[in-house]
Amino acid sequence: AGRTALPTCGTMSVAVSTSVESADVIRLMLQFCKENGLHRSLQALQEESRVSLNTVDSLDGLMGDINNGRWDMVLQAVSYLSLPDNVQQDLYVQIVLELAEMRELDTANHLIRETAPMIAMKQDTPERYLRLEALLKRNYFDPREAYDGDPKEKKRSSIAQAISKYVQVAPPSRLLSLVGQAMKWQQHAGILPPNTRIDVFRGVAADAIEESEQCPTQIAKTVKFGTKSHPECATFSPDGQYCVSGSVDGFVEVWDYQTAMLRKDLSYQEEGAFMMHEKAVIGIAFSKDSELLATGAQDGQLKIWRVATGQCVRRYEKAHNEGITFISWSKDSSQILTASFDYTARAHGLKSGKTLKEYRGHTSYVNTAVYSRDGGRVITASSDGHVIIWDSRTTEQMHTIVPPPPPHMPSTIHYAVNAAFMAPAAPGQSGNEDEGLIYVCSRTNTVQLMNMQGQVIKSFTSGKRDKGDFVAMTPSPKGDWLYAAAEDNKLYCFSTQSGALEQTLQVAEKEVIGLVHHPSRNVLAAYSSDGTMAFLKP
């Protein structure tokens, strides 16, 4: 850790009526270091500031560890505490005696000779030290003599009580919680723009910092799910703060895409009270303001959650008769559009809690359903090999598109369409923006850029006939890149300008289920049936 001069522990004025102890600020930093495994930084900061953390996550937990003689846990916990010399020495003497009772003499001798409290005791109270040393040299152990006639449980209890007087309990992730609260207040006060990702250090909207789009070249971090679990769907929030996954075991989990760790600043996740369904979660999407999350399950249930609290604010028990494969929101976030294994897409009212529209006409699973940019149309992709453009208001079918297969495949067969997404509007794009273009990904080795009438504008192919068929696809937010995952578990990165394949990258051991792109950063998440979600970066 780099060394920096720190203020002495007085107070720092942060507002007219509020002052903050410098030592408290340092403790926030120490807790952050501890929780993120920055142990050398923590040690250096404690030494230079002469401030110790002196907190535990659970006082009951520490007392329980002492009373039950779980000394490895106790020693780890007290390494972050500043205790009086006599309390530390009593603790270490008790540990040495209990090791001697178990005839763990090598470990006991190491503690008595190598640890700071024991070395200090040798100087302060040499007779006590010599008595302890003599006890270790005997070839027998007398508990009555060692514990001064008391049961060792009573000794443990008195040590626990002595330590408890000097220990404070602090909630986890205090620094991140306080920063989050401060940012919310600044947004409320109009100092920071709402619903945007914030560069905390500079105090500006992070999206104001332009980042040119680049294709990924490496797996930066990986989330590994349990042995019997894997992610079935994932999404980033529009403000870029959250990455959320839905799993085959029904869990909905919010991740930090920088660290691939669970977001513990969300108190409900820290407490283990996760957003959940009884069945596998296979569809997921954020509202446009990033506050609400819609999740769809294998049994056709749809739930709406408030991400900040983990509270379920709306549920549709039978949004569909079968599993919900895909979810998207209307432009004003008043309606939730769902696709399903029951061959339909449906629109549901957020306020009414009712199903408002049904788009029926496919003859197999509907794999994706999205609104056009103006909200006037719904575009669905199905395993029946068709893309249908619907009037979103009347549910009338306006166009049916059958994506043409690549030249090497029979044209008489209809190939399942995995996805049809709106292409990002390129700057200066000619023509009516609301007409828009769509990327269509069929179970072939080619993704096609088409207009709403089904005319192919451009094709992107893996060039492989064996295991080269695509299973998932997503464009980059600004539209410079098109990403597709194939049956060979590789990511194919295409330049949308030239149509050329620029990069391939192995992203999973088993079948890739889906891809999702961060709204403003060069971060792509690939989730797979091998139980991983990989965050890819340039």
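1. S237 has a relative accessibility of 0%, so the residue counts as buried. The cut-off for buried is under 20%. Bear in mind that this is a predicted model.

2. Where does S237 lie? The residue sits in the loop that joins β8 (231-236) to β9 (243-247). Its side chain makes a polar contact, at 2.7 Å, with the side chain of D239. Beyond the neighbours within four places in sequence, S237 is in contact with Y242, F286, S290 and P519.

3. Now the aromatic rings. The count comes to 13 aromatic pairs. One of them is F251 with F274: the ring centres are 5.7 Å apart and the planes stand at 80°, so the pair is edge-to-face. F251 belongs to strand β10 (residues 251-256), and F274 to the loop between α12 (267-270) and β12 (275-276). The pair therefore ties together parts 23 residues apart in sequence. F251 is partly exposed, at 27% relative accessibility.

4. F341 and Y365 also form an edge-to-face pair, with 4.7 Å centre to centre and 70° between the planes. F341 is in the loop between β18 (335-340) and β19 (344-349). Y365 is in the loop between β20 (355-360) and β21 (366-371). This pair links distant parts of the chain, 24 residues apart.

5. One aromatic cluster is formed by Y439, F460, F470, Y492 and F494.

Technical notes. Residues numbered from 1 in each chain as written. Heavy atoms only, no water. Helix = DSSP H or I, 4+ residues; strand = E, 2+ residues; numbered from the N terminus. Buried < 20%, exposed > 50% of the residue type's maximum accessible area, 1.4 Å probe, protein only. Polar contact = N/O pair within 3.5 Å; in protein donor to acceptor, adjacent residues only side chain to side chain. Contact = heavy atoms within 4.5 Å. Phe/Tyr/Trp six-rings, centres within 6.5 Å; stacked < 30°, edge-to-face > 60°.
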